[in-house]
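Thanks for making the time, everyone.

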Amino acid sequence: MKLYENGAYLLNGKEVVYQSPDAFAEVKSRTGVAVTTDEAKKNTIAYGILQEHNTSGNMDKLQIKFDKLTSHDITFVGIIQTARASGLEKFPIPYVLTNCHNSLCAVGGTINEDDHMFGLTCAKKYGGIYVPPHQAVIHQFAREMLAGGGKMILGSDSHTRYGALGTMAVGEGGPELVKQLLNKTYDIDYPGVVGIYLTGEPMKGVGPQDIALAIIGEVFDNGFVKNKVMEFVGPGVSNLSVDFRIGVDVMTTETTCLTSIWRTDDKVREFYEIHGREEEYKELNPGDVAFYDSFIEIDLSQIKPMIAMPFHPSNTYTIEELNANLMDILDDCEKRAAVSFDGKVKLDLKSKVRNGRLYVDQGIIAGCAGGGFENICDAADILKGASIGADEFTLSVYPASTPIYMELVKNGAIANLMATGAIVKTAFCGPCFGAGDTPANNAFSIRHSTRNFPNREGSKIQNGQISSVALMDARSIAATAANKGYLTAATDVDVTFTKPKYFFDKTIYENRVFDSKGVADPDVEIHFGPNIKDWPAMSALPENMVLKVVSEIHDPVTTTDELIPSGETSSFRSNPLGLAEFTLSRKDPEYVGRAKEIQKAQKAIEAGQCAGEAVPEVRGVMDIIKQQFPNVGHDNIGFGSTIFAVKPGDGSAREQAASCQKVLGGWANIANEYATKRYRSNLINWGMLPFIIDEGELPFTNLDYLFLPGIREAIAEGKTEFEAYVVKDGALKPFTLKMGTLTPDEKDIILKGCLINYYRG
């Protein structure tokens with residue numbers, strides 16, 4: 001794999017000319033056409049799709065309207081509640097509500113099923129589509145029933161990726177879907193486009209997760225594709241089945257790219273024909289001379305079976321490399337865990353080595369990444385006639401949709417899997433976020449799923465529980481299972497892959513999926529369960545602000561799972577205040593109490609009372625501030641909390657990573673950089689200031705008070721640097737905060753306190 005930062009020209013989809021002082025002349029000599037770099041940029045697939053969906057008339061400042069929306073059952077309640085509070089009357093475009101996350105309704109009593117009934121009644125009232133639990137995971141249903149060539153889909157799940165089908169899909173926080181529901185736009189600067197040039201053909205036993213992990217390992221740490229479009233081109237694309245492409249594509253989220261798109265061919269046409277939607281196929285190819293801002297060359301034949309060790313998809317090795325350096329790599333993982341968990345628990349991976357080989361306790365093939373038809377068929381071929389054994393090792397397989405499950409039953413793959421001792425379950429995303437197949441304490445799980453962040457498998461550090469996940473391809477998981485848990489690459493087993501043809505039966509969807517066909521019924525009464533709560537009132541941005549630093553995180557990256565945990569907390573996603581009690585609970589258990597304490601000062605101000613009576617320590621803070629700013633008082637100041645994290649927001653699109661801070665009185669985040677655009681957007685949409693501070697020694701520490709004079713006026717004026725002070729040792733100590741440019745709408749949202757206030761006027 002080779003990375004070219006300065007970009008490249010792609011000629012006729014086949015020849016590459018790398019950017020250099022002589023590149024223009026070389027392109028002209030090969031093609032006979034003089035094309036400038038700016039003109040050639042317009043010949044990417046991405047440019048054409050974005051141009052078609054842009055409503056601004058300015059391709060530098062995009063205002064995108066999507067064709068369709070999709071959400072699942074730990075996001076759609078909050079989205080619809082926000083939209084209802086902002087004036088929603090009808091879903092203006094197709095909106096699919098799937099139920100694949102809170103499917104285990106025994107968790108939390110009735111409240112998960114209440115969310116499902118909320119979704120069904122809203123689909124009826126506002127004209128949407130409702131997919132009941134266990135029918136399909138969100139992204140597989142979208143592939144089967146929503147994707148279309150040249151279309152754009154916005155989803156409230158970070159793995160909203162359908163580029164392999166010619167659909168540019170973006171995973172964002174819920175407020176961005178609210179904007180689309182209210183006929184507003186998705187506003188971004190035109191993103192860079194990275195060409196992913198594929199050649200060769202994967203060796204036997206190498207699967208899509210192997211290719212994906214190899215890419216992630218190369219580009220995550222250096223931010224090579226961060227917030228950009230990954231465009232897959234080159235002759236190697238046609239050497240991959242559509243299922244294989246889908247498996248690579250869904251994992252592009254873990255690179256922190258904005259979205260992805262692939263060139264399409266007759267294999268994609270066949271996919272649409274199989275699903276009875278052949279009219280949705282569109283041939284997509286770059287123009288004769290296309291320029292990519294940066295470029296990656298990948299020879300698929302050189303990729304070997306991969307493993308992403310705990311605790312990030314970018315912590316990658318070949319399985320061959322891991323086995324050759326086993327104890328050193330395991331020791332490195334243990335040391336990383338000790339830092340990440342602040343020594344609260346001890347991860348012991350070296351004890352998993354038996355007779356020089358690594359033994360794993362669990363295998364999972366599941367979800368939008370692993371649960372595809374081809375993955376499971378290949379795994380069944382590897383396991384046919386084998387046994388997973390009667391020891392600790394277990395294997396669970398979750399087909400990604402009921403149509404896939406039905407076909408696997410018909411062709412015998414399910415029988416072959418179950419005969420080995422594997423358990424085959426219904427479509428469910430639980431293993432991806434800690435709500436299904438939680439391992440035993442200190443157990444080690446290998447999974448063809450999307451993420452292996454800390455605690456994402458369901459363990460609770462605060463209770464002394466720790467287990468860990470490595471990401472692998474379904475084929476190597478099956479090979480490991482055939483060896484009863486001893487880590488094995490699929491290239492090391494002798495197997496004949498049968499590659500059965502897939503037949504899609506839409507009967508189950510016709511029988512069970514509610515589709516309003518876009519017709520709303522305003523007379524339908526929405527079902528509200530006791531856990532479904534409205535958003536609390538949120539104040540506008542004050543003229544001046546006092547922030548208390550209530551958490552300080554120096555990990556290189558802070559994931560959304562650490563900001564607001566997944567797993568059992570998902571049952572509270574419809575209850576803003578209830579969920580907020582879990583904020584940072586696995587990273588900084590003292591955060592909630594500290595945030596609520598300073599929030600008392602803001603609540604006192606809002607009630608016309610003295611902040612110093614509610615929180616006595618702010619009296620001294622105000623005395624110091626008034627020495628230099630005598631006009632600051634209770635009628636022009638606000639109090640709240642902030643956190644510092646080096647690089648927050650990697651991972652999920654979940655808006656609750658920001659909204660939970662907001663409902664606890666958070667007014668800002670301070671970071672050296674933000675891991676993803678979607679987390680920064682979530683902060684803004686909840687009225688929080690996404691501050692940046694230069695790397696180096698911080699001018700403040702945890703529990704310090706910060707004063708931001710004239711912050712409202714500075715935001716209104718569009719400033720990108722802000723005067724700030726640490727209130728300490730009887731004085732104000734100045735420092736500078738920064739912020740990336742805000743759009744006019746983003747400024748108004750922050751000034752009004754949140755997206756809901758913005759739409760209420």
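Seven cavities of 30 Å³ or more are counted here, where a cavity is a set of points, on a 1 Å grid over the protein atoms alone, at which a 1.4 Å probe fits but cannot get out. This is a predicted model, in which local features need pLDDT of at least 70, side-chain atom pairs count only at pLDDT 80 or more, and totals for chains, interfaces and linings use all residues. Residues are numbered from 1 along each chain as its sequence is written, and side-chain values use heavy atoms, with hydrogens and water left out.

The largest cavity holds about 210 Å³ of space, a volume being the space filled by probe spheres set on grid points that are joined across faces, edges and corners. It is lined by 22 residues, of which H72, H101, D157, H159 and R456 are the closest to its centre, and a lining residue is one with an atom within 4 Å of a point. Two or more of the lining residues come from each of α6 (138-145) and α17 (430-433), with helices taken as DSSP runs of H or I of at least four residues and strands as runs of E of at least two, numbered from the N terminus. By class, this lining has seven nonpolar, 10 polar and five charged residues, where Ala, Val, Leu, Ile, Met, Phe, Trp, Tyr, Cys and Pro count as nonpolar, Asp, Glu, Lys and Arg as charged, and the others, Gly among them, as polar.

The second largest cavity has about 70 Å³ of space, and its lining, which includes D342, K344, E562, R586 and K587, divides into three nonpolar, two polar and five charged residues.

Turning to the sheet, five strands form an open, mixed arrangement in the order β1-β15-β11-β12-β13, two strands being paired if DSSP finds at least two bridges between them. The edge strands, each pairing on one side only, are β1 (2-4) and β13 (259-262). Within the sheet, β11 (residues 193-199) and β12 (residues 229-233) pair in the parallel sense over five bridges, and G195 has E231 in β12 as its bridge partner.

Finally, which side chain meets that of K501 in a salt bridge? The partner is E270, at 3.1 Å from N to O, and the pair is one of 39 salt bridges, each defined as a side-chain nitrogen of Lys or Arg within 4 Å of a carboxyl oxygen of Asp or Glu. K501 sits in the loop between α18 (474-482) and α19 (507-512), whereas E270 belongs to helix α10 (residues 266-274), 231 residues apart.

Key: 1 Å grid on protein atoms, 1.4 Å probe; cavity = no way out; pocket = protein on both sides within 12 Å on 5 of 7 lines; lining within 4 Å.
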